[in-house]
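Please keep the model open alongside the text.

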Amino acid sequence: MQSPIISVIVPVYNPGEYLRRCIESILNQTESDLELILVDDGSTDGSGMLCDEYARQDARVRVIHKANAGVSAARNDGIRAARGEFVAFADGDDWPEPEMYERLLEAQRRAGSDLIYCGFRRVYSDRTEEEAFPQSRVYTGEEIRELAADLFCSRMFGAVWRGLYARKTVTGTEFDPGIHYAEDLLFNLEILRKAGSVAVIPDVLYNYNKANENSVCARTEHDPDFRYTASLRRQLEINEFWGFSVDPEEFYMAYVDMMFHFLVRKLQEGGNEALVEQYLSDGFFAGCCHHIRKIPMRRRIICMLIRARRFRLAVAVRNAEDLVLKLLGR
């Protein structure tokens with residue numbers, strides 16, 4: 001059987017009603033010389049059966065069923081199974097525009113690049129937001145470091161589903177199954193180390209579904225765990241290679257903010273003191289707090305109480321703060 005031009009890898013874990021739209025948007029692409037690799041990551045909502053249904057209907061569809069191990073492991077299985085000259089990714093609750101892969105291939109043929117990125121659209125239940133490159137451009141040599149810096153410093157969203165990767169650059173590089181926050185960013189930074197040239201186009205070609213509150217990203221934002229901490233540590237390790245100029249306060253602020261809300265919520269729920277103690281004993285959260293100078297005083301007090309293991313007092317202060325804000329109508 002002749003190998004397709006593109007292998008599209010979709011990790012599938014309980015995407016529910018959104019999966020059919022995702023699959024059909026890929027199978028109905030204007031570039032039809034592709035294979036769709038659906039990696040059923042232990043879905044319990046019937047998605048695995050839907051994957052098999054499409055495989056029976058279309059010879060381009062291949063299905064891998066496996067026990068749940070997370071999106072990174074699922075993508076790795078897809079990479080190992082891929083036969084295409086290029087590899088693309090999509091998430092089961094998102095959908096590409098009909099001409100996405102044709103446009104990316106056209107850009108690749110013009111530039112001869114190993115990696116091509118496009119713009120994307122965040123789709124909320126009540127609005128959409130677009131994020132796109134200002135113009136087409138090809139990065140080579142030291143310019144790739146400029147692109148990597150934009151990714152690393154969060155001035156540009158580093159998701160893998162907005163890219164088309166030459167399989168030769170992907171082979172030998174895997175997503176880290178031990179990390180589930182910014183795993184796309186870490187993967188991209190590794191690929192950029194191997195890329196001879198990278199093309200970007202301003203076309204908005206991918207729809208990122210932000211209306212699905214059960215998505216993997218949404219769950220991570222509400223319940224960060226040690227894999228979230230591991231991600232930041234890995235980013236710092238990668239920075240040793242790239243040597244980016246990083247503002248520690250800017251870099252750690254989002255992490256400290258997320259962890260603050262997470263730890264406070266766990267303490268308010270009760271019975272989670274041992275879990276909070278685990279995070280504090282690791283020392284990374286406390287170390288990050290030292291880099292932040294702009295934490296509001298009321299939050300700084302609560303952070304100090306948590307780090308001092310005065311959990312009940314921290315909860316009491318936070319509950320009092322919530323009450324005052326409620327009375328003030330904020």
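Two strands count as paired if DSSP finds at least two bridges between them. Helices (H or I, at least four residues) and strands (E, at least two) are DSSP runs, numbered from the N terminus. This is a predicted model, in which local features need pLDDT of at least 70, side-chain atom pairs count only at pLDDT 80 or more, and totals for chains, interfaces and linings use all residues. Residues are numbered from 1 along each chain as its sequence is written, and side-chain values use heavy atoms, with hydrogens and water left out.

**Strand S4**
- Strand S4 spans residues 86–89, and 4 bridges join S4 to strand S1 (residues 6–12) in the parallel sense.
- Across from phenylalanine 89 of S4 stands isoleucine 9.
- Strand S9 (residues 163–166) pairs with S4 over 3 bridges, antiparallel; there, alanine 166 is the bridge partner of phenylalanine 86.
- In a regular strand, side chains alternate between the two faces of the sheet.
- Phe86 and Ala88 on one side of S4, and Val87 and Phe89 on the other, are all buried (under 20% relative accessible area, 1.4 Å probe, protein chains only).

**Helices H5 and H7**
- H5 (residues 143–152) packs with H7 (residues 183–194) at about 170°, the axes being 10 Å apart (axes are lines fitted to C-alpha atoms over the stretch in contact; angles run from 0 to 180 degrees between N-to-C directions).
- H5 is therefore roughly antiparallel to H7 (angles over 145 degrees).
- The contact (heavy atoms within 4.5 Å) involves Ile144, Leu147, Ala148, Leu151 and Phe152 of H5, with Leu185, Asn188, Leu189 and Leu192 of H7.
- Of H5's 10 residues, 7 are buried, among them Ala149 and Asp150.

Methods: Angles under 35 degrees count as roughly parallel, over 145 as roughly antiparallel, 65 to 115 as roughly perpendicular and the rest as oblique. Buried means under 20% relative accessible area, exposed over 50%, partly exposed in between (1.4 Å probe, protein chains only).
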